[in-house]
Amino acid sequence: MDIKSRLKISLQQHKYFVFMFVFFVFVYIYTTLDERGEKPQEKLLTVDTLIPNGYALVPIELENITAIASLIEGYGVVDIYLGKNSSRHSKKLFQKVKILRAPNNPNAYSLLLPDHLSSELLKYDGPFFAVIQNKNEASDNPAVREQAAASKKSVKIEYNGG
């Protein structure tokens, strides 16, 4: 017997297995491709899933929004002052807090603040004035430092014989 005849006999004997194999291949292809024939993209991460525990993302109205928008691309570190339009003189409210640009609106910003400081910001009327600081320096704000120190956990990795 030659190979062609052996293969033909084998396929006839195992036609149900061949049918099931082809069926599962088509099901796999159908479930992994969307209607346009492209692979589905992974679900995008949203900002609200990236907020650390104990923090809040507070939208803020900035008086110097055009200057900040031209200098901060995605996020930065700023000092926040009361704006010039407020009845009081310019007063520093927060030092070295993170500011994030909204992904869907390039002229909207939010501050990443510990929960207890977010209520402090809401006591004042905006707009506020932001001054950009160095991202790499530690915060001078004791409340932010305490919250960051409390949230850090030490991790110990041991290698045995490695």
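How many salt bridges does the count come to by the rule applied here? The structure is a predicted model, in which local features require pLDDT of at least 70 and side-chain atom pairs count only at pLDDT 80 or more, whereas totals for chains, interfaces and linings use all residues. Residues are numbered from 1 along each chain as its sequence is written, and side-chain values use heavy atoms, with hydrogens and water left out.

The count comes to two salt bridges, each defined as a side-chain nitrogen of Lys or Arg within 4 Å of a carboxyl oxygen of Asp or Glu. In one of them, the side chains of Lys 92 and Asp 79 meet at 3.6 Å, N to O. Because Lys 92 belongs to strand β3 (residues 92-101) and Asp 79 to strand β2 (residues 75-82), this pair ties together parts that are 13 residues apart in sequence. Lys 92 is partly exposed, with a relative accessible area of 34%, while Asp 79 is buried at 6%. Buried denotes under 20% relative accessible area and exposed over 50%, with partly exposed in between (1.4 Å probe, protein chains only). The side chains of Glu 120 and Lys 123 form a salt bridge at 3.2 Å, N to O. Glu 120 is partly exposed, at 29% relative accessibility, and Lys 123 is exposed, with a relative accessible area of 60%.

The secondary structure comprises five helices and five strands, taken as DSSP runs numbered from the N terminus (helices, H or I, at least four residues; strands, E, at least two). Along the sequence, these elements follow the pattern α-α-β-α-β-β-β-α-β-α. Of the contacts in the chain with a separation of 6 or more, 66% are accounted for by residues 24 or more positions apart, contact being defined as heavy atoms within 4.5 Å.

Buried residues make up 23% of the 162 residues in the chain. The largest nonpolar core has 22 residues, of which Ile 80, Leu 111 and Phe 128 touch the most other members. Such a core is a set of buried Ala, Val, Leu, Ile, Met, Phe, Trp, Tyr and Cys residues joined through side-chain atoms within 4.5 Å. Two or more residues are given to this core by each of β1 (55-60), α3 (65-71), β2, β3, β4 (109-114), α4 (115-121) and β5 (128-133), and the largest share, four residues, comes from β3. Beyond four places in sequence, the residues touched by Ile 80 include Ile 60, Leu 93, Leu 111 and Phe 128. Asn 64 is placed in the loop between β1 and α3 and is buried, with a relative accessible area of 13%. Leaving aside neighbours within four places in sequence, Asn 64 contacts Phe 128, Phe 129 and Ala 130.

The accessible surface of the chain comes to about 13,000 Å², 57% of which belongs to carbon and sulfur atoms; accessible areas were computed by the Shrake-Rupley method with a 1.4 Å probe, and for residues only the protein chains shown count as cover. A nonpolar patch on this surface, with about 940 Å² of accessible area together, includes Leu 7, Leu 11, Phe 21, Phe 26 and Leu 33. The elements giving two or more residues to the patch are α1 (3-13) and α2 (15-32), and the largest share, seven residues, comes from α2. Patches consist of residues with over 30% relative accessible area and no salt bridge, nonpolar side chains (Val, Leu, Ile, Met, Phe, Trp, Tyr) being joined within 5 Å and like charges within 9 Å. Phe 26 lies in helix α2 and is exposed, with a relative accessible area of 57%.
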